[in-house]
Amino acid sequence: MTTTTSLLGDKPVHRIGFGAMQLAGPGVFGPPADPDGARAVLRRAVELGVDHIDTAQFYGPDVVNDLIREALHPYPAGLRLVTKVGAARDDQGGWNLASTPDQLRDQVEANLRALDVERLDLVNLRRMERDHPDGDEPALADQLGALAELRDAGKIDLIGVSSVGVDTVREAIETVGIGQVQNPFSILDRTDAPVLELCREHDIAFVPYFPLGSAFGGGGPQALAADPHVSSVATKHGVSPSQVALAWLLAQYDRLLLIPGTKSITHLEENLAVLDIELDADDLATLEHVEPVVAGH
Ligand SMILES: NC(=O)c1ccc[n+]([C@@H]2O[C@H](COP(=O)([O-])OP(=O)(O)OC[C@H]3O[C@@H](n4cnc5c(N)ncnc54)[C@H](OP(=O)(O)O)[C@@H]3O)[C@@H](O)[C@H]2O)c1
């Protein structure tokens, strides 16, 4: 049977959380067209048992964390707020590197203020080593050192790393210890299978972003619906192709935590119902044949 809870560090969390990025305006830039609707999605998520929300101050920027605070503060006991640092937005919504130790410290403080908490449950260092391999990203050791100081000061409970290769994960494990790896991974994009394997070896939570293959670059849910293998398993279980994709992820590793993103309460409810889907060995064998559609990192 699919396990319903897992661990973030040593804290129990429901295996299906919520990724809040989609709650900002188009392109994760500016406010949403329907802020009341966005706050209603967040409230419904918590009502249905979500206790792990993934966010960032650069979603909007300065939009999604405000929506979370407005919708949910004072936060229910046990709600884990996970954020990420390492990027900033320009006036047109472009994504820039902002990951010197000072910039990371400033972003942690901005998240603490906007979410109105004294301590963040986990802060992911969002590296750009794969987006801009020739970029002049600060040394990993300096970045992790800055986050470790904030952890020592009680402002962060756990450190995570995001969008990283196996060498970076290894260095982070060895130097500061990490509570999660957050990388793109889905039935459509299994490029990071070696990173998932490393998490298994070290018993670290793996949190796939773009679990449905992403809203960007053509649309993951549409690609899932178009795949005959996903569709056949969906028909067999009487569920949607997106639900099959999420159930497949849960079957990969018992410390895999989902953070699917949606603006829709209907989709939210569908995503949370995925724990009831039991994929058998035949289903998993069929799903091995899904055609990859890599969304980019
Ligand atoms: N660390 C990083 O660099 C990084 C990067 C990207 C994302 N993230 C995090 O990962 C989270 C998840 O990624 P994501 O939201 O971009 O991608 P995703 O979960 O793969 O896909 C989201 C898309 O799927 C649709 N969707 C959601 N549930 C659905 C369902 N049941 N049926 C059909 N369509 C459904 C959403 O549209 P509707 O709104 O219409 O439902 C949206 O278009 C983000 O929210 C964010 O917190 C982290």
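Which side chain meets that of Arg105 in a salt bridge? In this predicted model, the partner is Glu149, and the N to O distance of the pair is 3.6 Å. The two residues belong to distant parts of the chain, since Arg105 lies in helix H3 (residues 101-115) and Glu149 in helix H4 (residues 140-152), 44 residues apart. Arg105 is partly exposed, with a relative accessible area of 28%.

**Salt bridges**

| Pair | Distance, N to O |
|---|---|
| Arg105 and Glu149 | 3.6 Å |
| Arg200 and Glu197 | 2.6 Å |
| Asp283 and Lys236 | 2.7 Å |

The pair formed by Asp283 and Lys236 also links distant parts of the chain, with Asp283 in helix H11 (residues 281-287) and Lys236 in helix H8 (residues 228-237), 47 residues apart.

The salt bridge between Arg200 and Glu197 is instead local to one helix, and the two residues are separated by about one helical turn because they stand three residues apart in helix H6 (residues 193-202). An α-helix has 3.6 residues a turn, so residues three or four places apart point the same way. Both partners are partly exposed, Arg200 at 33% relative accessibility and Glu197 with a relative accessible area of 34%.

Beyond these pairs, Asp36, Arg39, Asp66, Arg69 and Glu70 are linked in a network of salt bridges.

**Helix H1**

Helix H1 comprises 13 residues (residues 35-47), and from its first C-alpha to its last it reaches 18 Å, close to the 18 Å expected at 1.5 Å a residue. Which residues of H1 are buried? They are Gly37, Ala38, Arg39, Val41, Leu42, Ala45 and Val46, so that Arg39 is at once a buried residue of H1 and a member of the salt-bridge network, under the criterion that buried means under 20% relative accessible area. The elements that cover the buried residues of H1 include strand S3 (18-19) and strand S4 (52-54), together with helix H2 (64-72) and helix H10 (265-272). Just after H1, Gly49 takes a positive phi of about 105 degrees.

How values were computed. Residues numbered from 1 in each chain as written. Predicted model: local features only at pLDDT ≥ 70, side-chain atom pairs only at ≥ 80, totals over all residues. Heavy atoms only, no water. Helix = DSSP H or I, 4+ residues; strand = E, 2+ residues; numbered from the N terminus. Expected span 1.5 Å × (residues − 1). Buried < 20%, exposed > 50% of the residue type's maximum accessible area, 1.4 Å probe, protein only. Contact = heavy atoms within 4.5 Å. Salt bridge = Lys/Arg side-chain N within 4 Å of Asp/Glu carboxyl O.
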